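Here are a few exercises to work through with the sequence and the model side by side. Take a look before you read the solutions.

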Amino acid sequence: MKSGNARFSASVICLWLVIAAALAEAVDNMEGNATCSERPIRQSQSLCAGEQEYVHKRKQVVLESLNSLGTNCTADSVPHIALLASGGGQRSAVGLVGTLYQMEKESLLDTLLYLGGVSGSTWSMSSLYSDPQWSANMDRAVSTLSGPGVELEQALAWLGERSKEEHFSLTDIWGVLTSAGIMKQMDLRHLSDEASRNASNPYPIYSAIEKHCFSDGPIEGKWFEVSPHEAGFTELGVFVETSLLGSKFQSGELLERKPEMDMVKLQGVLGCALAHEEIIREFIPPWLNVPGHVDGAAEEYLRVYNALDKLVALTRSTIKDPAALSDLDKLQKIVKDKVNHNDSALLESKSLEDRRSVFQQWSLELLAAVEAWSRSLEDGAFKTHVSLLTKQVLPLIMKWEWGTTANFLYQYQDSTIPPCLRSKERFHLVDAGLLINVAYPSFLGDKRDIDLIIAPEYSAGNMFETLTLARDYAAEVKKPFPEIDDKILEERDWPNDCYVFEGKEKEPTIVYMPLFNRRNCKDAEEFKAKMEEFSTFQRPFNQEKIEFVLQTAKFNMKNNKETLLREINKAALRRHKRLGRV
């Protein structure tokens with residue numbers, strides 16, 4: 001009996017040891033692959049489990065695509081390929097659709113593991129992903145760009161609901177007018193709805209920056225990324241579930257769950273370059289454009305004018321009635337005439353404080369002119385809609401508040417979190433293009449381990465600037481980035497249609513593809529003219545301009561298919577070698 005008991009005891013002990021080991025392994029796995037929902041705030045430099053799972057499934061789609069293209073690789077050596085579309089307002093929104101359309105026609109679209117966007121390109125991403133099968137349905141995406149659009153009444157109904165919320169800001173106005181007027185749809189779904197989708201599309205990453213850290217904080221507190229699973233600061237590695245972005249937190253604890261922002265508002269957050277003071281210098285009236293005249297006092301005045309001008313232009317795109325369009329033309333003329341009137345004599349020999357007072361008075365007069373115009377309209381639906389819009393917009397223009405969101409890092413107890421993020425209950429998410437107009441930060445380093453970046457360039461600034469800014473950013477955060485020959489930068493005024501910046505070891509290879517280039521512009525003068533004709537801040541494109549940008553982007557992709565196939569093959573080979581299989 002003693003012998004039997006001893007054997008029984010030994011068996012029980014062994015069983016408990018096995019169970020304990022299994023539990024310990026399970027805990028380790030849970031910690032190592034933390035899901036995006038185990039704790040309110042996840043702090044890690046690795047992917048959350050939801051993204052890992054999606055990427056794992058997507059690799060099977062990529063593998064089949066590569067094999068069909070003649071690139072032989074195995075499931076565990078599939079190259080990580082990301083398409084990172086630049087910002088650039090409607091030019092980039094339309095250009096990205098053209099690029100992806102042609103990639104689908106050339107059987108290249110399913111080679112993408114990720115799709116990353118900034119500013120205007122996030123508008124078309126948002127629109128694309130409203131269709132769970134968009135990768136196989138690019139004809140629909142193209143037709144949406146030329147669709148009938150959204151009526152102002154529908155946009156105002158959405159605004160009316162948002163205006164009741166605690167964090168109502170100019171971002172809401174910008175988001176709804178961009179959605180309705182440029183993307184021609186009101187997408188009321190939530191980004192987190194995509195978390196449970198199959199892997200038929202590349203995994204999307206949207207980018208923003210935190211406004212105050214952008215101005216005054218360390219680089220680690222600037223770049224912000226949003227995916228279907230998580231939202232948070234890329235370099236700090238702190239994230240919350242996307243559905244919790246906007247909920248109230250304190251000291252790392254969730255205090256109050258708030259409704260998740262819909263894609264209309266998210267478009268406003270991601271594409272509101274107007275939120276930054278530097279953008280107001282896009283237009284300065286000639287009488288004010290003299291040394292010493294544009295100071296902090298003048299900028300507030302120009303800010304009010306530029307906001308009014310852009311919002312009126314967007315409002316136009318939601319209206320078809322000729323009489324209403326004529327009324328909006330009158331408003332733009334009233335505002336422009338007021339700003340262009342030379343009042344420089346009133347500023348002579350005044351102190352900064354007195355100048356500020358004068359400009360503030362002029363700002364109020366601008367807004368009063370809008371209100372007077374609104375009251376002068378004939379009674380009817382248009383007057384009712386305009387009255388509602390001006391009632392909501394004008395006070396927000398004076399406050400100049402953008403991207404207001406509850407701060408999930410408020411009083412978070414961790415020394416790695418900079419004070420600009422810990423100290424305030426709210427932060428302000430705005431257009432990432434103000435820092436870098438391509439989402440390179442989210443795709444550098446080991447986290448997503450990218451082998452090849454396809455970078456269609458739709459930016460309005462200096463060509464190659466996104467590359468040099470990303471190179472400097474990578475150096476500051478100590479992440480690999482391919483070498484850029486400074487001689488190539490001399491071609492910025494008339495670039496080629498495709499450049500390859502090759503990664504050697506851990507650096508990704510970048511295929512850089514300017515929208516306007518030597519193949520479609522005969523010289524530097526035509527290149528400059530095209531950049532001006534399709535500038536970022538202008539009225540929404542007419543059908544002719546939409547079609548031109550679409551065809552230009554398609555043509556660029558078609559012309560460079562062989563270059564892309566070559567670099568895809570190289571990327572597959574590099575990953576194969578890194579795994580020690582050659």
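**Exercise 1.** Which residue does a disulfide join to Cys 213?

*Solution.* Before starting, note that this is a predicted model, where local features need pLDDT of at least 70, side-chain atom pairs count only at pLDDT 80 or more, and totals for chains, interfaces and linings use all residues. Residues are numbered from 1 along each chain as its sequence is written, and side-chain values use heavy atoms, with hydrogens and water left out.

Step 1: look for a pair of cysteine sulfur atoms within 2.5 Å, which is what counts as a disulfide. Searching the whole structure gives one disulfide.

Step 2: read off the partners. Cys 213 is joined to Cys 420, with an S to S distance of 1.9 Å.

Step 3: Cys 213 belongs to helix H8 (residues 211–216) and Cys 420 to helix H14 (residues 419–422), so the pair links distant parts of the chain, 207 residues apart. Helices here are DSSP runs (H or I, at least four residues), and strands are DSSP runs too (E, at least two), numbered from the N terminus.Step 4: check the handedness. The torsion about the S-S bond of Cys 213 and Cys 420 is about 70 degrees, so the disulfide is right-handed.

**Exercise 2.** Is Cys 213 buried or exposed?

*Solution.* Step 1: apply the cut-offs: buried means under 20% relative accessible area, exposed over 50%, and partly exposed in between (1.4 Å probe, protein chains only).

Step 1: compare the values. Cys 213 is buried at 0%, while Cys 420 is partly exposed at 23%.

**Exercise 3.** Where is Ser 442 found?

*Solution.* Step 1: Ser 442 sits in the loop between strand S11 (426–431) and strand S12 (452–457).

Step 1: Ser 442 has a relative accessible area of 3%, so this residue is buried.
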